[in-house]
Amino acid sequence: MQVLVINSGSSSIKFRLAHVVEEPRGVLTTQPALLQGAAKGIGSVASFEVMGQTEGHSTTTLEIRDHAHALRVLLDRLAGSLGEIEAVGHRVVHGGDQYVKPTLISEQVETGIDALSELAPLHNPSCLAGIRGARAAFGSTLPMVAVFDTAFHQTMPEVARQYALPVELALRHRIRRYGFHGIAHASLADGYAAYTGNPVEEVRLITLQLGNGCSVAAIAQGRSVETSMGFTPLEGLVMGTRSGDVDASIVSYLSEREKVEASEVERWLNERSGLLGLSGRSNDMRELLRAAEQEQDKRAEFAIDLFCYRVRKYLGSYLAVLGGADAIVFGGGIGENAPEIRERICQNMKWCGLELNRDLNRAAVGLSPGRAAKISVVGSRLAAYVVAADEESWIARETVRCVRGVHS
């Protein structure tokens with residue numbers, strides 16, 4: 001089945017045309033991308049980048065009004081190259097409690113996604129814009145599927161999902177730990193299984209999605225049982241501009257002391273904190289590593305240390321949650337491309353059987369999507385891998401499963 005995968009941001013659309021094939025015993029695999037690219041800067045003069053097996057690599061700039069216009073441009077530019085698209089798969093960040101698996105998109109589902117914008121105001125509106133833009137471009141008969149980032153974490157047990165709040169209050173306002181980056185964590189587990197030959201249903205994994213946004217997940221028998229992000233993507237690890245875990249009282253304390261609204265303090269925690277706030281110079285780990293090494297910038301060095309400490313702290317706690325693990329899996333922009341950070345995170349963890357091979361770790365950078373590399377020493381009781389997550393292939397396969405399930 002030919003599936004167009006769409007990942008919509010507030011001012012961008014990433015797309016990939018994927019060919020999903022059914023192998024023996026019903027296993028779905030994704031062939032190398034036929035076409036992929038992105039439109040960035042929607043709402044003004046945008047860049048339009050396309051890479052394809054036959055088209056090569058091209059980048060143009062043009063005025064793009066909105067997401068619908070971007071998808072219309074995509075169709076016009078690639079007429080004759082897209083082939084017969086049989087379904088469209090959309091990444092949607094927040095599915096709340098009601099969308100716990102890939103879902104065929106209807107008007108009712110669009111309304112539901114729109115209603116969940118209250119819980120994800122920075123994400124769901126752009127996802128919905130991509131859906132409506134695709135509907136305008138492709139018409140009403142082409143099947144479209146929403147694949148939700150929160151759905152993977154719906155398997156968390158109740159003790160992991162709930163906050164210790166008054167139950168009536170939590171239920172009234174839908175306050176619980178939803179978790180995010182689910183598609184990425186599922187893809188990391190899938191990449192580990194493909195590389196090792198160990199089915200995810202038979203192993204315990206800790207997946208580390210480390211980028212500008214960061215999260216960790218504990219996965220047992222292919223199911224998420226714990227993750228670091230919660231009601232919003234602010235909870236958990238130190239991130240590029242997000243604080244991660246803080247004492248909730250800090251919000252009212254700063255609000256009073258700085259004479260600002262609580263919402264402004266929350267904005268500081270989301271946009272001015274994390275690596276940026278600690279270092280005072282950048283949210284880019286590459287820049288901080290350079291500054292620490294070449295300039296002996298102490299704030300940059302401390303920001304890196306705190307980032308790695310927080311990951312290591314979660315790693316230890318998730319080993320306790322799982323009762324031990326078979327492997328840890330690094331992914332995301334930092335996880336895939338910063339061997340120094342992986343090494344710092346895993347320092348002094350021989351107690352749990354985790355020890356990296358320095359040469360293998362240094363060599364494991366720049367992997368192609370879906371590829372993996374082992375970076376732990378031979379015989380390590382807790383193995384370590386790097387996997388280049390391939391979210392688009394995961395979305396494409398989930399889209400096919402959904403369409404077949406609905407129409408079978």
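Helices are DSSP runs of H or I with at least four residues, numbered from the N terminus. The legends below describe close-up views of a predicted model.

**Figure 1. Glutamate 392 in helix α15.** Glutamate 392 belongs to helix α15, which spans residues 391-407. The relative accessible area of glutamate 392 is 17%, so this residue is buried. Leaving aside residues up to four places away in sequence, glutamate 392 is in contact with Val5, Asn7 and Arg16.

**Figure 2. Arginine 16 and its surroundings.** Arginine 16 is part of strand β2, residues 12-22. With a relative accessibility of 9%, arginine 16 counts as buried. A polar contact of 2.9 Å links the side chain of arginine 16 to the side chain of aspartate 390. When residues up to four places away in sequence are not counted, arginine 16 touches Val3, Leu4, Val5, Ala33, Leu35, Gln36, Pro369, Asp390, Glu392 and Ser393. Glu392, named in that list, is the residue of helix α15 shown in Figure 1.

**Figure 3. The aromatic pair of tyrosine 99 and phenylalanine 148.** Six aromatic pairs are found when the whole structure is searched. In the pair of tyrosine 99 and phenylalanine 148, the ring centres are 5.1 Å apart and the planes stand at 5 degrees, so the two rings are stacked. The cut-off behind this term is an angle under 30 degrees between the planes. Tyrosine 99 is located in the loop between β7 (87-92) and β8 (103-104), while phenylalanine 148 is in strand β9 (residues 144-148); the pair therefore ties together parts that are 49 residues apart in sequence. Tyrosine 99 and phenylalanine 148 are both buried.

**Figure 4. The aromatic pair of tyrosine 178 and phenylalanine 231.** The ring centres of tyrosine 178 and phenylalanine 231 are separated by 6.3 Å and their planes by 35 degrees, so this pair is tilted. Tyrosine 178 is in the loop between α5 (167-172) and α6 (182-196), and phenylalanine 231 is in the loop between β12 (223-227) and α7 (249-258), so parts that are 53 residues apart in sequence are tied together by the pair. Tyrosine 178 has a relative accessibility of 0% and counts as buried, whereas phenylalanine 231, at 25%, counts as partly exposed.

**Figure 5. An aromatic cluster.** One aromatic cluster is formed by Tyr192, Tyr195 and Tyr385.

**Figure 6. Packing of helices α1 and α3.** Helix α1 (residues 67-77) packs against helix α3 (residues 124-138) at an angle of about 45 degrees, and the two axes are 7 Å apart. The two helices are therefore oblique to each other. Their crossing is right-handed. On the side of α1, the contact involves His67, Ala68, Leu71, Arg72 and Leu75. These residues meet Ser126, Ala129, Gly130, Gly133, Ala134, Ala136, Ala137 and Phe138 of α3.

**Figure 7. Packing of helices α10 and α11.** An angle of about 125 degrees is found between helix α10 (residues 285-294) and helix α11 (residues 298-322), whose axes are 8 Å apart. This angle makes α10 oblique to α11. The crossing of these two helices is left-handed. Helix α10 contributes Met285, Leu288, Leu289, Ala291 and Ala292 to the contact, and helix α11 contributes Ala300, Glu301, Ala303, Ile304 and Phe307.

**Figure 8. Leucine 142 in the loop between α3 and β9.** Leucine 142 is situated in the loop between α3 and β9. At a relative accessibility of 13%, leucine 142 counts as buried. Along the chain, leucine 142 and glutamate 86 are 56 residues apart, and their C-alpha atoms are separated by 6.8 Å. Leucine 142 touches Ile85, Glu86, Ala87, Val88 and Arg135, with residues up to four places away in sequence left out.

Figure 9. Most residues other than glycine have a negative phi. Lysine 259 has a phi near 55 degrees, a positive value in a residue other than glycine. The loop between α7 and α8 (262-271) holds lysine 259, which is exposed with a relative accessible area of 73%. Glutamine 296 also has a positive phi, near 50 degrees. The position of glutamine 296 is in the loop between α10 and α11, and at 55% relative accessibility glutamine 296 counts as exposed.

Conventions: Residues numbered from 1 in each chain as written. Predicted model: local features only at pLDDT ≥ 70, side-chain atom pairs only at ≥ 80, totals over all residues. Heavy atoms only, no water. Phe/Tyr/Trp six-rings, centres within 6.5 Å; stacked < 30°, edge-to-face > 60°. Buried < 20%, exposed > 50% of the residue type's maximum accessible area, 1.4 Å probe, protein only. Polar contact = N/O pair within 3.5 Å; in protein donor to acceptor, adjacent residues only side chain to side chain. Contact = heavy atoms within 4.5 Å. Axes fitted to C-alpha atoms, helices over the stretch in contact; angles between N-to-C directions. Parallel < 35°, antiparallel > 145°, perpendicular 65-115°, else oblique. Left-handed = near helix turned anticlockwise from the far one by under 90°.
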